[in-house]
Amino acid sequence: MFLINDTTLRDGEQAPYVAFNTKEKLDIAQKLYEAGADELEVGIPAMGKKEQEDLKEILALNLPIPIMSWNRATMSDLEASLECGLKSVDLSIPVSDILIDVKFGGDKQKVLSQLEKVILHAKKEGLFVCIGGEDSSRADLNFLKEILALGKSLGANRFRYCDTVGILTPTKTYQNISELTKLDLLDIEMHTHNDFGMATANAISGYEAGAKSANTTVIGLGERAGNASFEQVLMTLARLLGKDTQIKSDKLKALIQTVGLASNRRIDTNLPIVGEYIFSHESGIHVNGMMKSKNAYEPFTPMEVGLERYFPIGKHSGTSTLLFHLQTLGITPTKESLQKLLPLVREMVTNRKKVLDIKELEELYLCSLDI
């Protein structure tokens with residue numbers, strides 16, 4: 001079983017210019033659960049008292065899924081999570097030479113000893129422990145294997161493989177995750193960034209290589225170009241990879257709208273899964289096919305994600321589109337009249353850069369009869 005550990009309320013909120021208030025956090029957490037998230041990563045207790053209060057309120061929702069915090073692998077961060085009453089923690093530690101040089105002066109032994117100390121305390125407190133391997137995609141695989149072996153010996157539960165700067169490709173992801181999963185030490189969790197537009201693809205490639213979970217964010221929020229998209233990963237698992245989950249279209253739509261509003265981010269009309277226009281068919285060939293079969297040019301139905309299907313009257317429309325709309329008005333045009341109408345529609349749309357509405361089509365059709 002592959003789990004979605006959504007981090008909209010942690011990594012998503014770390015996106016530049018994004019800040020959620022307490023009410024928004026509670027609303028998003030509730031909607032994420034309702035839309036199908038298996039786990040939530042909800043914040044960073046070490047940020048201070050207000051963040052801790054928010055985390056306690058999220059815990060008070062009593063959602064029947066694990067609630068996790070993000071922490072540096074330090075005793076002070078861990079104590080802040082314990083004070084909140086959290087039962088699951090991600091303990092982040094740099095694992096690439098680049099970041100070990102920056103944060104530990106290049107001392108790998110210091111990294112390992114600090115990680116060991118914090119894990120031991122977390123397990124003593126009965127916590128679920130995920131080791132967050134910061135910058136895993138630029139790390140030496142042998143060092144990652146050493147960390148997994150250490151984590152296993154200390155009772156850690158999971159290793160988060162972080163593509164911190166988004167440099168992976170799906171093929172490289174598959175190769176690296178296969179190397180780690182075949183060790184059978186810790187479950188692997190994917191944490192992918194979208195700097196080259198491959199975050200969702202890399203998360204899915206990790207799943208195919210044996211990873212057991214992935215971090216996501218709603219509408220791909222996150223630092224720089226963002227993270228793997230919750231809705232894209234969810235639909236891919238459900239429709240392409242056979243995950244046993246029911247997509248609740250009304251819940252998904254409500255979640256997207258809530259996060260878009262709270263983050264002040266526009267939901268692009270062509271955004272995969274949830275964009276308003278992704279079920280709009282203008283091309284004459286496509287419309288003709290859709291009239292004959294509703295799966296001719298759609299991989300899933302708009303109803304599954306709370307959207308609608310449209311046949312806009314535009315430059316690339318064919319006679320099938322014109323016929324469809326005129327018939328909804330109770331008009332049954334001849335083939336000849338449609339052929340006469342079509343170039344008029346295309347000229348009008350091209351000149352004004354805007355599709356026709358159904359009333360304008362009716363008026364243009366009646367005028368064309370007099371030409």
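This note walks through some salt bridges in the structure above.

1. A word on the source: this is a predicted model, where local features need pLDDT of at least 70, side-chain atom pairs count only at pLDDT 80 or more, and totals for chains, interfaces and linings use all residues. Residues are numbered from 1 along each chain as its sequence is written, and side-chain values use heavy atoms, with hydrogens and water left out.

2. Side chains of opposite charge can pair when their charged atoms come close. The structure holds 27 salt bridges (a side-chain nitrogen of Lys or Arg within 4 Å of a carboxyl oxygen of Asp or Glu).

3. Take Lys 251 and Glu 34, whose closest N and O atoms are 3.9 Å apart. Lys 251 sits in helix H11 (residues 249–263) and Glu 34 in helix H2 (residues 22–35), so this bridge ties together parts that are 217 residues apart in sequence. Helices here are DSSP runs (H or I, at least four residues), as are strands (E, at least two), numbered from the N terminus.

4. Next come Lys 56 and Glu 83, in a salt bridge of 3.1 Å, N to O. Lys 56 belongs to helix H3 (residues 49–59) and Glu 83 to helix H4 (residues 75–84), 27 residues apart. Lys 56 is partly exposed at 34% relative accessibility, and Glu 83 is partly exposed at 45%.

How values were computed:
Buried < 20%, exposed > 50% of the residue type's maximum accessible area, 1.4 Å probe, protein only.
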